[in-house]
Amino acid sequence: PIYPSPCYDNGYDISDYRSIDPMYGTFDDFIEFRDGCHRRGIAIIMDLVVNHTSSHHMWFQESKKSRTGRYSDYYIWKDPVDGHEPNNWAGSFGGSAWEYVPERGQYYLHLFSKEQPDLNWECEELREEVVSIIRWWGEQGVDGFRVDAISYLEKAPGFPDSPEPPFSTGFALAMDICSNREGTHRYISELNRRAFAPYHMMTVGEVNCRKLSDYHDYASQSRHEFDMCIPFVPP
């Protein structure tokens with residue numbers, strides 16, 4: 001990704017979806033690049049991360065301040081359970097998938113690093129923001145997206161403990177229990193219908209699948225989700 005980022009995870013922790021990180025140049029540089037590509041018949045496919053943002057993103061900075069603000073529901077917050085994390089989920093970077101924020105008196109979920117808080121896709125306002133971002137880039141002439149870590153948008157209802165064997169830390173990997181849920185497919189279909197398709201974008205979803213049939217669910221033309229998909233974890 002070429003958006004501004006503190007780069008705790010190589011730019012996959014985005015702090016501003018509508019700008020270019022200075023390490024890659026300016027927005028004018030991007031426009032020059034776009035125009036040069038299009039004159040040569042080359043399409044531009046950008047990386048996009050909407051399972052989570054950077055903890056430096058304005059949405060998160062506002063969300064952690066209170067439980068009642070405009071952005072309070074943009075992320076997944078849970079109360080402590082018996083004085084500790086809400087469940088035994090582990091993040092893929094190690095340790096608990098939950099981080100406590102004293103300002104709210106709650107934990108937020110991060111399936112990746114603690115600097116990458118997961119977005120709350122049950123929040124309609126958040127979904128509108130994501131649609132708006134994709135449309136905005138469509139207006140800038142972007143021809144498609146490779147969408148990162150997209151198979152975890154809907155989390156397991158009730159946030160139960162993971163049945164996976166726990167690590168030495170006592171936490172168990174949350175990836176499988178949160179992968180490929182029907183709500184995730186609904187959210188992707190919505191993005192396709194409202195943002196990707198109107199701009200005739202080519203899309204590639206990076207997904208975590210254990211069965212070949214799961215890949216078909218993401219890339220089948222009849223389902224109207226992605227044009228193709230690539231594995232995060234090979235089946």
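Helices (H or I, at least four residues) and strands (E, at least two) are DSSP runs, numbered from the N terminus.

Before going on, I noted that this is a predicted model, where local features need pLDDT of at least 70, side-chain atom pairs count only at pLDDT 80 or more, and totals for chains, interfaces and linings use all residues. Numbering starts from 1 along each chain as its sequence is written, and side-chain values use heavy atoms, leaving out hydrogens and water.

Next I checked the pairing, which takes at least two DSSP bridges between two strands. β4 (residues 98–101) runs antiparallel to β5 with four bridges, and β2 (residues 77–78) is also antiparallel to β5, with two bridges. I found Y107 in β5 opposite Y100 and opposite K78.

Which way do the β5 side chains point? Q106 and Y108 go one way, Y107 and L109 the other, and all are buried (under 20% relative accessible area, 1.4 Å probe, protein chains only).

Then I zoomed out. I counted five helices and nine strands in the protein chain. Buried residues make up 54% of the 235. The radius of gyration (over C-alpha atoms) is 18 Å, which agrees with the value near 18 Å for a compact globule of 235 residues, by the rule of 2.2 Å times the number of residues to the power 0.38.

Terms used: Buried means under 20% relative accessible area, exposed over 50%, partly exposed in between (1.4 Å probe, protein chains only).
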